[in-house]
Amino acid sequence: MDTAMLIEKSALVLLLFLISLGVAAYQTYFERKLAAWIQDRVGPDRAGPFGILQPIADGTKMFLKEDFIPAKADKWLFIIGPGISMFTALITSSVIPWGTNVNLFGRDISLQVADFNIGILFVFGVVSIGVYGIMIGGWASNNKYSLYGAIRASSQMISYELAMGISAITIVMLTGSLSLNDIVQSQHGMNWNVFYQPLAFFIFFITSLAELNRAPFDLPECESELIGGYHTEYSSMKLGLYLFSEYTSMFVSSAIMAVLFFGGYNFPGMDAFSGNTLAILSIAAFALKIFLFIFVIMWIRWTIPRFRFDQLMHLGWKVLIPVAIVNMLITGLVVAWNQGWM
Amino acid sequence: MESLTNRKKVVSDKPMTLWEKIYIPAIVGGMMTTMKHMLRRRKTIKYPEETRVFAPVYRGQHVLKRDEQGRENCTACGLCAVACPAEAITMTSAERVKGEEHLYREEKYASSYEINMLRCIFCGLCEEACPKEAIFLTDRIVTTEFERDEFIYAKDKLVEAVDDRIDITKRQFTGKRTEK
């Protein structure tokens, strides 16, 4: 690895880190605005024009709050919990191809931090670790509500990860590669996977909502039953990190959904462009897709009420997993037929 | 009974069909409803910057009027205090002495006049009871305070200034004074 590559990757990592945090911050603003619009209100509009500085005010508030650790809490795990959540939320963005190659200073720079040949497995692995942040935080708080939230989160994650993985396998079957870069390149132009696998996309989307702990699957933190769920005892920036990691993972999993099913940075008519123009347009297309996903996720949150826990388990085990398995089998048969294996 | 609205629905407990059981159509319907609300024009009035237009007969903070020559109309008859259902008005009367003719219109006047704005229900009965057209409710809003005793408005807040009259021409005059 030469020095120039080291520098360009470090710069990309730093840039992605800042963008993820910035997007997460402005998602909170956008979410509040959207909630307000849906409820016929105006929303935050006092901090700066149209309330555009609201996330900064919120962040400052979070930092200035008293950082409280309960007396009987396990101190180290209590501190590590939000850290794990934030870490796993951020690290997933490293395998996502954010656009076509950029030509800068005579070098062809790939907009993907690490092109693993097992990118999709890496994503699933990291997402599964994400639940440890919630579990450890909820357990270390030494509070019944936190523990309930943590248990709910872990059982929900386990139930929905199965269906999520099975629906993602169909994409791997179609592409014949686990690398996210290959998956994106196979969807060149308008040849998106969602047209071949609408059902898999649908299941993946629902399970993503569950993995993100977003409504209608926000049982780990439902205020009305569990006070705050796993973050009941958290305050100050530790709470801030939990809330932030939720928004960051929302951003990242929107990106993953766009990569797997909506062609990533591909857009119709992309062959007409080349070089840096293409790179900028592809990044814009990708950002637009991510924005639309974030919008739909928020729109759903402010529309439908929360599941009951038995309904959640019923949906996960008795509906989504069988449907995903059938979908996978049919896809497998079709792929085998096309390859001439049968 | 005749239905009062057109939203009446007969409740039934028949089992859901498969179409209803998958819930997706219902969820999409709900999302369309929220989208409709999202695109609707907001009716919020952002208060300190914009204010609602008050009706001409809005009943807000009271004013004790002076006549054309700047003399206080109030004669401390106490009819407003009697009429007040919230018992918010107290006053003490005094006799006008020589040399005060430019201050008070008649021989008797209110040496102190207090309205407790926390008790007041802004019903306007004081205005209706007043035979001298001395007290009126205006379209001004009683400001918020931190201490309770700051809500007891004395004459310094109630009586209008000679050079800064409160306009009440939009309100209905009872015409009692012209009858006299």
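## Basis of the description

The model is predicted, and local features are reported at a pLDDT of at least 70, side-chain atom pairs count only at pLDDT 80 or more, and totals for chains, interfaces and linings use all residues. Residues are numbered from 1 along each chain as its sequence is written, while chains are lettered from A and ligands numbered from 1 in the order in which they are written.

## Chain A overall

Chain A has 11 helices and 2 strands, where helices (H or I, at least four residues) and strands (E, at least two) are DSSP runs numbered from the N terminus. From the N terminus on, its elements run α-α-α-β-β-α-α-α-α-α-α-α-α. The radius of gyration of chain A, taken over C-alpha atoms, is 21 Å, close to the 20 Å that the globule rule gives for 342 residues, so chain A is as compact as a globular protein of that length; the rule itself is 2.2 Å times the number of residues to the power 0.38.

Along its principal axes the C-alpha trace of chain A spans about 60 × 50 × 45 Å. Of its 342 residues, 43% count as buried, a residue being buried if 20 or more other C-beta atoms, placed from the backbone, lie within 10 Å of its own, exposed if 12 or fewer do, and partly exposed in between. Among contacts in chain A with a separation of 6 or more, 78% are between residues 24 or more positions apart, a contact requiring C-beta atoms, placed from the backbone, to lie within 7 Å.

## Helix α11 of chain A

Helix α11 of chain A covers residues 309-338, and its 30 residues should span 44 Å at 1.5 Å a residue, which agrees with the 42 Å between its end C-alpha atoms; the expected span is 1.5 Å times one less than the number of residues. The helix bends by about 30° at Leu320(A), and a proline, Pro322(A), follows within four residues. The bend is the angle between axes fitted to the seven residues ending at a residue and the seven starting there.

The buried residues of α11(A) are Leu312(A), Leu315(A), Gly316(A), Leu320(A), Ile321(A), Ala324(A), Asn327(A) and Thr331(A), and they pack against α5 (144-175) and α7 (198-211) of chain A. After α11(A) comes Gly340(A), whose phi is positive, near 80°.

## Chain B overall

The secondary structure of chain B comes to 6 helices and 5 strands, in the pattern α-α-β-α-β-β-α-β-β-α-α along the sequence. Its radius of gyration is 27 Å, well over the 16 Å that the globule rule gives for 180 residues, so chain B is more spread out than a compact globule.

The C-alpha trace of chain B spans about 95 × 40 × 35 Å along its principal axes. Of the 180 residues, 16% count as buried, and residues 24 or more positions apart account for 75% of the contacts in chain B with a separation of 6 or more.

## The sheet of chain B

An open sheet of 3 strands in chain B has the order β2-β3-β5, with antiparallel pairing, two strands being paired if DSSP finds at least two bridges between them. Strands β2 and β5 of chain B stand at the edges, each with a single partner strand, so one side of each is left without a neighbour in the sheet.

Strand β2 (residues 89-95) and strand β3 (residues 108-116) of chain B pair over 7 bridges, including those of Ser93(B) with Ala110(B) and of Thr90(B) with Glu114(B). β3(B) also pairs with strand β5 (residues 152-153) of chain B over 2 bridges, and the partner of Asn116(B) in β5(B) is Ile152(B).

Note on methods: Contact = placed C-beta atoms within 7 Å.
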